[in-house]
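Student: Here is a model I would like to go through with you. Please take one part and look at it closely.

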Amino acid sequence: MDHPDVELTRAEQFDLIHFYKIHGSDYLAYLQTAYEEWVAAGLWSEGIMPEFFALGKMRNRPPSRSPEGKAGYYMTDSCTMIVKGTWEAVKFSGFTALTGAKYLLKGHSSAFSICRPPGHHAGFDYAGGYCFVNNAALAAKFLQDQGREEADGLVKVGVLDIDFHHGNGTQDIVQQLENILLVSIHGDPDYSYPYLTGFESENTQKNINFPLPSGINNDEYFNVFQKAVSSLKVFGCDYLVISLGVDTSEHDQLGNFKLTSAIYGKLAQYLIDELPIPKLIIMEGGYNIDFLSHNVLAFLSPFLHSKSEAL
């Protein structure tokens with residue numbers, strides 16, 4: 001990205017205590033040792049693929065001691081493989097989110113954290129949907145605690161998830177935190193991943209879901225988007241974390257909305273106008289590489305009147 005108002009920076013490193021504020025200690029320990037333990041047991045060296053998943057009451061007790069049992073306990077699907085470099089990748093993806101949050105604390109009005117792997121399907125103690133550490137929740141909690149290692153939970157932070165898929169992991173995490181509100185606009189989970197969560201019936205004081213039908217167009221989406229922003233305004237957040245997924249594009253093979261590139265700039269400008277607070281944009285989904293960068297840049301363009309950082 002070559003633009004006079006964009007500063008490209010590397011991610012800083014942070015104390016892992018910030019990760020432990022949003023994820024279980026046993027789960028984080030698993031991510032750090034899973035691959036080595038799996039290979040040491042003589043299992044497939046290409047990566048970890050669960051063959052049995054913990055369902056229902058099975059998750060109410062600790063995982064078994066076997067690598068296979070742990071995999072089925074901490075992973076929710078078969079598309080989120082842990083390989084040799086997974087922990088280093090997800091750790092620095094989290095550091096990228098935290099670096100963006102740090103820029104907001106330093107007084108910048110916006111920042112963009114190019115996180116890979118993404119994060120919003122990672123829950124308190126599980127991985128799924130290509131996600132292992134929840135970057136949006138990590139950044140939200142960091143902003144709430146003003147970058148301190150101790151937690152007080154007094155600052156209000158909103159998380160707006162506009163990825164096509166429901167941010168089930170973020171929803172799981174914010175239920176255990178205070179003064180963080182998740183608002184998610186996504187495809188109807190009756191027909192879209194993660195299938196079992198993201199319904200309006202799950203709405204609480206800590207999360208608001210807007211599931212939408214297949215084929216929704218720009219105007220219909222924008223009407224719902226206005227309601228989502230209104231919810232954040234009522235909440236009165238001091239910072240906003242945006243989980244940006246452009247798999248809502250009409251060209252994306254993993255979504256079924258009919259949004260054109262023109263909508264992304266309109267959404268961003270509306271956020272700028274209606275919520276004049278510092279904003280951190282976290283990269284989530286987007287799978288058609290022929291349109292990915294164009295749609296992301298369309299969303300970022302309205303922010304370029306003031307200096308932003310891309311990480």
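Student: What covers the buried residues of α9, and how does helix α8 (residues 262-274) fit in?

Tutor: The cover over the buried residues of α9 includes β2, β6, α8 and β7. Keep in mind that this is a predicted model. The buried residues of α9 in question are N295, V296, A298, F299 and L300. Three of these names return below, on the α9 side of the contact with α8: N295, A298 and F299.

Now take α8 by itself. Helix α8 has 13 residues, 262-274. At 1.5 Å a residue, α8 should span 18 Å; its end C-alpha atoms are 19 Å apart, so the two values agree.

Next, burial. A residue counts as buried when its relative accessible area is under 20%. In α8 that applies to I263, Y264, G265, L267, A268, Y270, L271 and I272. Look at the spacing with helix geometry in mind. An α-helix has 3.6 residues a turn, so residues three or four places apart point the same way.

Two packed helices are described by the angle between their axes and the distance between the axes. For α8 and α9, the axes come within 7 Å and cross at roughly 25°. Angles under 35 degrees count as roughly parallel, so α8 is roughly parallel to α9. The crossing of α8 past α9 is right-handed. On the α8 side, the contact uses Y264, G265, L267, A268 and L271; on the α9 side, it uses N295, A298 and F299. By class, this contact has six nonpolar, two polar and no charged residues.

Helix α4 (residues 86-105) packs on α5 at an angle of about 35°, and their axes are 9 Å apart. Here too, α4 passes α5 in a right-handed crossing. From α4 come S93, G94, A97, L98, A101, K102, L104 and L105; they meet N135, L138, A139, F142 and L143 of α5. The class count for this contact is nine nonpolar, three polar and one charged.

The loops around α5 deserve a stop, for their backbone. Most residues other than glycine have a negative phi, and most peptide bonds are trans. Start in the loop between β2 (110-113) and α5 (135-144), where P117 is found. The peptide bond from R116 to P117 is cis, with omega near 5°. Y130 lies in the loop between β2 and α5 as well. Its phi is near 70°, a positive value in a residue other than glycine. Y130 is partly exposed, with a relative accessible area of 36%.

Move to the loop between α5 and β3, which holds Q146. Q146 is not a glycine, yet its phi is positive, about 55°. Its relative accessible area is 33%, so Q146 is partly exposed.

One more cis bond joins Y193 and P194, with omega about 10°. P194 sits in the loop between β4 (180-187) and β5 (207-212).

How values were computed:
Residues are numbered from 1 along each chain as its sequence is written. This is a predicted model: local features need pLDDT of at least 70, side-chain atom pairs count only at pLDDT 80 or more; totals for chains, interfaces and linings use all residues. Side-chain values use heavy atoms; hydrogens and water are left out. Helices (H or I, at least four residues) and strands (E, at least two) are DSSP runs, numbered from the N terminus. The expected span of a helix is 1.5 Å times one less than its number of residues. Buried means under 20% relative accessible area, exposed over 50%, partly exposed in between (1.4 Å probe, protein chains only). Axes are lines fitted to C-alpha atoms, for helices over the stretch in contact, and angles run from 0 to 180 degrees between N-to-C directions. Angles under 35 degrees count as roughly parallel, over 145 as roughly antiparallel, 65 to 115 as roughly perpendicular and the rest as oblique. A crossing is left-handed if the near helix is turned anticlockwise from the far one by less than a right angle, and right-handed if clockwise. Contact means heavy atoms within 4.5 Å. Ala, Val, Leu, Ile, Met, Phe, Trp, Tyr, Cys and Pro count as nonpolar, Asp, Glu, Lys and Arg as charged, and the others, Gly among them, as polar.
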